[in-house]
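This report goes through one structure by topic: a pocket, a helix, a group of strands and several charged pairs. Please have the sequence at hand while reading.

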Amino acid sequence: MTTTVKCLVWDLDDTLWDGTVLEGDRPVPFHEAVSALRALDERGVLHAVASRGDRKQAMDHLVAKGLDGLFTVEEIGWGPKSEALRRIADTLGIGVDSVAFIDNDPLERAEVSAALPAVRTYPAEAAGSLAELPEFRTGPVTAESRQRRLLYRREAERRRAKESYAGPPAEFLATLGLELTVRRAGENDLVRARELTVRTHQLNTTGRTYDLAELRALCDSPSHRVLVADLTDRFGAYGTVGLALTEDREDTRCLRLLLLSCRVMSRGVGPALIGHLVRDALAAGRRPTAEFVPTEVNRVMLVNLRFSGFEVLSQTGDALLLGYTGSSPAASGPVRVVCS
């Protein structure tokens, strides 16, 4: 399966625009590049900058051309582009395998490919065709995808607040007023639920994907429950950040899929949602179990399950079946969980 690009990183000079700002030019942006920026932004693909030059001059020109608001992270300086891409992925909380890079200079692309082989690279002249490539096709456009840039800008506000907070991280989380609303998925949630299965790789217990028809059938099944989770805090809404699929089997309730948006990795949402699912299963008189299929990037989800009281019961090939062995789930920490 082709990994969907979550962030396209742009070089500026002779890639986004026709000329070099540092040499005194006031270059005009390429029409094809601006069209790609706007089309991919509408789909929820983030944009970032990794470019050589003076930061203030480059940013002033982005502002002058009305393009600064389309970028979530700007890395402008003189170091290796691969290091800039690593920092961008870290800042956004995404894997480098979901980052792509466009640059007019073949040597810059080669440096990135050598250091970060998972990053897809494109020459500047490919800008006009990027929206047609399968890795940039994110499926139906949702309200969530249209707001994704705004959601990441709010995350930047949270990050700045965290950096200025003098106390320990746990105390900072407590100041956020995190509230996780868990509810049955309705028809209006299915497009976002499908988008989550396609886009989420790191915080995904099995890596399974579902199309709209499959999700609709699971919602209608008496033995299955499709749940979505929305998160808010004092800075605003994160949107729908979680998806859980459970199946009732005799005296157990099996968690067949649990995934969380990478944006909430450090918020304590994983243990809070798992704890809610455990409590719900126990209240129904069923033993909680969970399926887990390891990938190169999802080990953190196994850690979340183990710390939440799950132990391995059996293994079939790479797939694990875990069972809950605790007496009662731990408190949800800084996250308040409510049902809707």
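## The lining of the largest pocket

The residues that line the largest pocket divide into six nonpolar, three polar and seven charged. Here Ala, Val, Leu, Ile, Met, Phe, Trp, Tyr, Cys and Pro count as nonpolar, Asp, Glu, Lys and Arg as charged, and the others, Gly among them, as polar. The model is predicted: local features need pLDDT of at least 70 and side-chain atom pairs count only at pLDDT 80 or more, while totals for chains, interfaces and linings use all residues. Residues are numbered from 1 along each chain as its sequence is written, and side-chain values use heavy atoms, with hydrogens and water left out.

The largest pocket holds about 280 Å³ of space. Of its 16 lining residues, Asp90, Thr91, Glu155, Ser266 and Arg267 are the closest to the centre. A pocket is an open set of points on a 1 Å grid over the protein atoms alone, where a 1.4 Å probe fits, with protein on both sides within 12 Å along at least five of seven lines; lining residues have an atom within 4 Å of a point. Grid points are joined across faces, edges and corners, and the volume is the space filled by probe spheres set on the points. Helix H3 (81–92) and helix H6 (148–164) each supply at least two lining residues, and H6 gives the most, with five. Helices (H or I, at least four residues) and strands (E, at least two) are DSSP runs numbered from the N terminus.

## Helix H6

H6 has 17 residues and reaches 25 Å from its first C-alpha to its last, close to the 24 Å expected at 1.5 Å a residue. The expected span is 1.5 Å times one less than the number of residues. Among the buried residues of H6 are Leu151, Tyr152, Ala156 and Ala161; buried means under 20% relative accessible area, exposed over 50%, and partly exposed in between (1.4 Å probe, protein chains only).

Arg158 and Glu155 are both buried as well. They form a salt bridge, with the closest N and O atoms 3.2 Å apart. A salt bridge is a side-chain nitrogen of Lys or Arg within 4 Å of a carboxyl oxygen of Asp or Glu. Because Arg158 and Glu155 are three residues apart in helix H6, about one helical turn separates them.

Strand E12 (residues 319–324) runs antiparallel to strand E10 (residues 287–292), and four bridges join the two. Ala290 stands opposite Leu322 in E12. Two strands pair if DSSP finds at least two bridges between them.

Strand E11 (residues 310–316) is also antiparallel to E12, with six bridges, and Gln315 stands opposite Leu320 in E12. The hairpin of E11 and E12 has two residues between the strands, and Gly317 takes a positive phi near 65 degrees.

## Other salt bridges

The structure holds 29 salt bridges. In one of them, Lys56 pairs with Asp60, with the closest N and O atoms 2.8 Å apart. Both lie in helix H2 (residues 55–64), four residues apart. Lys56 is exposed, at 58% relative accessible area, whereas Asp60 is partly exposed, at 40%.

Arg286 forms a salt bridge with Asp248, with the closest N and O atoms 3.6 Å apart. This pair links distant parts of the chain, 38 residues apart: Arg286 is in the loop between helix H10 (269–283) and E10, and Asp248 is in strand E8 (residues 236–249). Arg286 counts as partly exposed, at 22% relative accessibility. Salt bridges that share partners also join Asp11, Arg52, Lys81, Asp103 and Glu108 into one network.
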